[in-house]
Amino acid sequence: MSSPPEAQLQSSGSDSEGSGQACEQSIVIPNRFITIADSFEKKEHSWFVTSQIPTDLSIQVQDVTFTVHKYPLMSKCGYIARLELQPSISNLGYDLKLENFPGGSETFEIILKFCYGLPIAFNPNNIAPLRCASEFLDMSEEYEDGNLISKTEAFLTLVILSSWKETITVLKSCKNLSPWAENLQIVRRCCDSIAWKASRENSTTEDIANRQGWWFDDVAALGIDHFMRIITTIKVKGAKPEIIGKCIMHYAKKWLPGMDVELEGLRGYGYGKHELQFSILSAGKEEVSVGQKEQRTIIENLVNLLPHQDEGVSCKFFLQMLKMAMVYNASPALISELEKRVGMMLEDANANDLLIPNYKNEDHAKLNSPEHNTMHNIDVVQRIMDYFLMHEQQQQQKQQNMGKTNVSKILDNYLAEVARDPNLSITKFQVLAESLPENARTCHDGLYRAIDTYLKVTYQFFTLFHYFEGKEKQIFQNINSLLSFSVTSVTI
């Protein structure tokens, strides 16, 4: 299929395969003999034709009124030709209002010039709106050879889809063209083209997993719906899990502020001061803002896209996503799925990764119990530990060795960090410390260090604030039980 003979293609360069570089291309429909219009003028919110022949049609698109002639439009637009136009109130012609017109008044202005025979330029920013608008107006070959539908289709197929950069630009322009861009397969064709080019690069570059893909930035600039379709297509084409994972991590870093925030225990929050009440207030029962809904949608979709293979993304990234899911009140099922994925990879984590802030809603923040004012969410780590033990049991049945010893070190380092929180109950501390079986620890130094820290902090707390008044005996009994867990007989 070749370009229409009357079309002149303008190009400033050409795409090099796989380079991600593209030119700015446009196609200009040249002048024809104009006998009906002397000039075209636009003043504020009005656009009109000056001609010796009186205008007889007023068309409103958004907040712009176009005063034109019926014939040039009716000869090319089946939609307008089929309408029974109503006489205008001023009796100077007919009035027409186009509701939900694809591309708005700017696109209609270009179409109007096309109908009058003026030169117009196709480019990546206007081609999708023009294709949708020409479909809206039924500008098919039935009304004129080389009508706008065929011209825009040719430009999309022959120019846009052959260029990586221009395809990305067109896909972005489809954001406000629903459902037209979907129904006309513009989105699908663009996504397939992008996925094909990215997959081809993955299959021919051996060290792609060790560096950032050249296409990550461009794909990460797209909305989550288009990103999902591209990644899903790339998956189907057999891309490696680590490639998919790297691209998803790149997207999350761009669209989820706070992903890279690192917590270093209570030392970074003024230990012993009011900073121990640190919390991020979520929306609670109040109306969730549009921004929060978008963030939550991004989180849920990215988690669904994550490869199931362990090499897809790191344990650290799963924990970052878990924190974001809790901040934006993601569904319990999604949070549980993330906890399970972390549990299956727990030996690759470190203590700081597990320092998940105790995000509170407003009702939670009003509770006076010190247990509800803990700095870190111990319950989440407890569930992660339970998932790890379940996974490890399954692997043992398959005669595969797991990382119990490494996890015990991670757990003891985590306990040493959270032990600095005076609001941490001895019960939660003890239950978490005893989560692992006795044979998991080859050395108990880390556990002793955590217990020693807890004793010092707890003593200071109930000495200064008398919060545990009358409960000292029970506390020491629990600590003695905890110490006895690591050494057969220990007395305090």
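Which backbone oxygen does the side chain of N126 reach at 3.0 Å? The exercises below treat this and related points. The model is predicted: local features need pLDDT of at least 70, side-chain atom pairs count only at pLDDT 80 or more, and totals for chains, interfaces and linings use all residues. Residues are numbered from 1 along each chain as its sequence is written, and side-chain values use heavy atoms, with hydrogens and water left out.

**Exercise 1. Describe the surroundings of N126.**

Solution.
1. N126 sits in the loop between β9 (120-122) and α4 (127-136); helices (H or I, at least four residues) and strands (E, at least two) are DSSP runs, numbered from the N terminus.
2. The oxygen asked for above belongs to A121, and the distance is 3.0 Å. The N126 side chain also reaches the backbone nitrogen of N123 at 3.0 Å.
3. Leaving aside neighbours within four places in sequence, N126 is in contact (heavy atoms within 4.5 Å) with I110 and A121.
4. With a relative accessible area of 11%, N126 is buried (buried means under 20% relative accessible area, exposed over 50%, partly exposed in between; 1.4 Å probe, protein chains only).

**Exercise 2. Characterise the aromatic pair of F101 and F136.**

Solution.
1. The whole structure holds 11 aromatic pairs; rings of Phe, Tyr and Trp (its six-membered ring) pair if their centres lie within 6.5 Å, and planes under 30 degrees apart count as stacked, over 60 as edge-to-face and the rest as tilted.
2. F101 and F136 are edge-to-face, at 5.2 Å centre to centre and 80 degrees between the planes.
3. F101 lies in the loop between β8 (94-98) and α3 (104-115) and F136 in helix α4, so the pair ties together parts that are 35 residues apart in sequence.
4. F101 is buried at 8% relative accessibility, and F136 is buried with a relative accessible area of 15%.

**Exercise 3. Explain why the pair of Y251 and W255 is classed as stacked.**

Solution.
1. The ring centres of Y251 and W255 are 5.7 Å apart and the planes are at 25 degrees, so the pair is stacked.
2. Y251 and W255 are 4 residues apart in helix α11 (residues 241-255), a separation of about one helical turn.
3. Y251 counts as buried at 1% relative accessibility, whereas W255, at 29%, counts as partly exposed.

**Exercise 4. Determine how strand β5 (residues 57-61) is enclosed and paired.**

Solution.
1. Since 4 of the 5 residues of β5 are buried, the strand is largely enclosed by the rest of the structure.
2. β5 runs antiparallel to β6 (residues 64-68), joined by 5 bridges; two strands pair if DSSP finds at least two bridges between them.
3. The bridge partner of I59 in β6 is F66.

Terms used
Polar contact = N/O pair within 3.5 Å; in protein donor to acceptor, adjacent residues only side chain to side chain.
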